[in-house]
Amino acid sequence: MGERGQRRRVNCWWIAGILLLCFGKRILAQLRYSVPEEVQVGTPVGNVAKDLGLDISTLTDRRFRIVSGPNHALFQLNQNNGVLYVGQSMDREELCDGTKVCLINLKIVVESPLEIHYVSVQITDVNDHEPTFPENEQRLEIAELIPPGTRFQIHAARDPDVSAQSVRLYKLSPNDLFDIEVRDSEEDKIPFLVLKKPLDREQKAEHRLVLTALDGGSPSRSGSLNLTVTVLDANDNRPVFSKDIHTVSIDENAPIGTLVVRLNATDLDEGSNSEIEYSFGKTQKKKVLDTFELDSVTGEIRVKGNVDFEDTEIYRLDLQASDKGQPPWTAESRVVIKIQDVNDNKPEIEVTSLRNLVPEDSKPGTVISLISVTDRDSGVNGKVICTISDNVPFDLTPSIEENMYSLVTKGRLDRENVSHYEITITAIDCGETPLSTVKALSVQVSDVNDNRPKFSQNPFELYMLENNAPGASIFSVSAVDNDLNENAAITYHIVRGDRLQGDMTSFLNVNSDNGQISALKSFDFETVKTFQFQVVATDSGTPSLSSNVTVNVFILDQNDNAPVILYPVSSNGSAEGVEEIPRNVNAGHLVTKVRAYDADIGYNGWLLFSLQQVTDHSLFGLDRYTGQIRTLRSFTETDEAEHKLVILVKDNGNVSLSATATVIVKLVEPKEAFAASDVKSSTKVDDEDNVTFYLMITLGSVSVLFLISIIVLIAMQCSKSTDYTSKYLQDANYDGTLCHSIQYRSGDKRYMLVGPRMSIGSTIVPGSHANTLVLPDRRGTSGERQLCFFSSETSTYLELWLYELLAS
């Protein structure tokens, strides 16, 4: 245990030595002033700012001040000129009793950037006390047989002043028998009355003298003691101590009753003249009498009170040994008791906080607090090692003064992860049985705007029906920000573009507070089917941060377009037409075909034909899907020559829309029919020569395009796997219809709108009125899915387009 303690002391001394080597030059650079005691309040001590080279105009902004500490109220700093002046009246004897050099150490701090300076002010002594004796009068009994040269200790004068201001010499009133001899001790000058000539009690039994003590001040101050010497008869041997000075050591906190030393004095006389009685000297301090007791018979000195090294390191006891002769003889001795320090004081931690809140963007090395650690013990017991908890982004940096540290950041802070730190500071001394102190320091991290707003997804997809109500809300976006207060307050706005995109965003508005998006106009599926826009979320921090999100809008079709009759159309624009057929046609003869189209898609554009009115139901039949009118039987002589057919064309929307066409069928004799046909041909042959030419070119181009489309479709199908083709397309039968050209893309899917005849393996898409197919695509990486829309009529859109071309 002893070896371990010794090694710990050695290690602590090494640490202390290294710190002194590292910071020694900077310690010598600290300021030092001196000022006499008891000067007036407000007396300037020195211009600290000037001596430190600080800019006086910045002292107030940089909080030029004295850090709180012991005796810090004795001085004040003027922030206007940087002068250090006396703050209150000072008594050096009260501040530094018994200390030759009285130093007051001050810590001075300026901020932005942080600087710590150390200033020492020496309080110099002035001669403000006069020497005083413990008593006004002292009586001495001296036997007449005492030989000349014998010394008698008398009361020493005390002067609280130090150095030259303390007691310097003693003067005795003029006489022929006595003189003064002074012995210098470590603390004071002890006077002795020296007998110059033998005494003769018969001549004079009592002598009155005056002893004057003078200090070294200028002018000198003095004090006096009245001495009364009574001449006695008899005892001619004095006691003799074994040593003039006894030096012993005891540990502090020694129990009461502990034996310190046993004095030994002898007297060559016999009887009562050799019986010795021990006592403390007349000038012994009260503190000694409170701490130690002396057995007058045995001469044992024992501990009486608390022995504290931090209070007093050394005691000096003046002792006397007197015999019981008449008159008694007295001998003097001194006992020096040195107190050995014991590690009985825990380190003390003082924290001076410079920042209440630490911004999370503080750079590494930012000073948070000043840590001062003290230990009242001395030597190794007073050497302190200071540490903090490991799991915090802070560190302790030693200062230029011993046991001074700065708490600094050692890494980046993130309030969103940790907003509050509890730092544990541990100070442990280097004593053989080390003592430690733990102190908790709370550090709050303040927010800075370092997080952008975040949307829950990107992009957003919005499916909305056409013909929406203008001004109504159509969608809502929301973003979150991990910051606090205004750094997390989000506003929204739409990015305005140009051209077509700009035209669409100009009809949108967003609530800047909640992200609610409203449309300022009604959208038409037949005009625009899809578009996109961007919404930007911006926080209110300084500087502000933002992020944007894309919103893909898909307009869904509604049944808002009625069917339009393409044929028959009369010259005045009404849906009426006249058809002439021979009477001798057979059943199933194609009379005519009603053609119509609907701008809507899906079920909304799927047209059905029905006979609304007919003269004879047995003669004519209507295909509900193609609009073809055919004869059901052969005509007879009794059948009327003219028949009126009213055809209703209706779509399949939830609320269906319809149109009607009227066809007048006239029965003519075969010859008349051919003649009429020839007449018509001859009248139109000139006009239609050019039309026929263009028609042939158009039909040829369309046929080529159609064949190319079929070849491409076959090639695409063949490129797929055999399983896919056999599973999904082997039973497909589209009755000659073609794919619609309108497609949608959403994420990794692509859609086409299809008619009611679905292939095996198709999937009904919700919200599509059961006319949208999703065909799984097994092509690997593309991840697209194709959908096709088929018209309800057996004729293709190609036929409708061709018919329009011919009609024009």
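**Cis peptide bonds.** I began with Pro 543, which I found in the loop between β39 (530–539) and β40 (546–556); strands here are DSSP runs of E with at least two residues, numbered from the N terminus. A cis peptide bond joins Thr 542 to Pro 543, with omega about -5 degrees. I then turned to Pro 568, located in the loop between β41 (564–567) and β42 (576–582). Its bond to Tyr 567 is a cis peptide bond, with omega about 5 degrees.

**Basis of the entries.** I note that this is a predicted model, in which local features need pLDDT of at least 70 and side-chain atom pairs count only at pLDDT 80 or more, while totals for chains, interfaces and linings use all residues. Residues are numbered from 1 along each chain as its sequence is written, and side-chain values use heavy atoms, with hydrogens and water left out.

**Aromatic pairs.** I looked up the aromatic pairs and found 10 in the structure. Rings of Phe, Tyr and Trp (its six-membered ring) pair if their centres lie within 6.5 Å; planes under 30 degrees apart count as stacked, over 60 as edge-to-face and the rest as tilted. Phe 292 and Tyr 315 make an edge-to-face pair, 5.1 Å centre to centre with 80 degrees between the planes. Phe 292 belongs to strand β20 (residues 292–294) and Tyr 315 to strand β22 (residues 314–323), so the pair ties together parts 23 residues apart in sequence. I recorded both Phe 292 and Tyr 315 as buried (under 20% relative accessible area; exposed is over 50% and partly exposed in between, with a 1.4 Å probe and protein chains only).

Phe 394 is buried at a relative accessible area of 1%, and Tyr 421 counts as buried at 10%. I also noted one aromatic cluster formed by Phe 523, Phe 531 and Phe 533.

**Charges over rings.** I searched for NZ of Lys or CZ of Arg within 6 Å of a ring centre and within 35 degrees of the ring normal. The charged end of Arg 151 sits over the ring of Phe 192, 4.6 Å from its centre. That of Lys 521 sits over the ring of Phe 507, 4.4 Å from its centre.

**Positive phi.** I found phi near 60 degrees at Glu 38, a residue other than glycine. Glu 38 is in the loop between β1 (31–36) and β2 (44–47) and is partly exposed at 43% relative accessibility.

Note on methods: Helix = DSSP H or I, 4+ residues; strand = E, 2+ residues; numbered from the N terminus.
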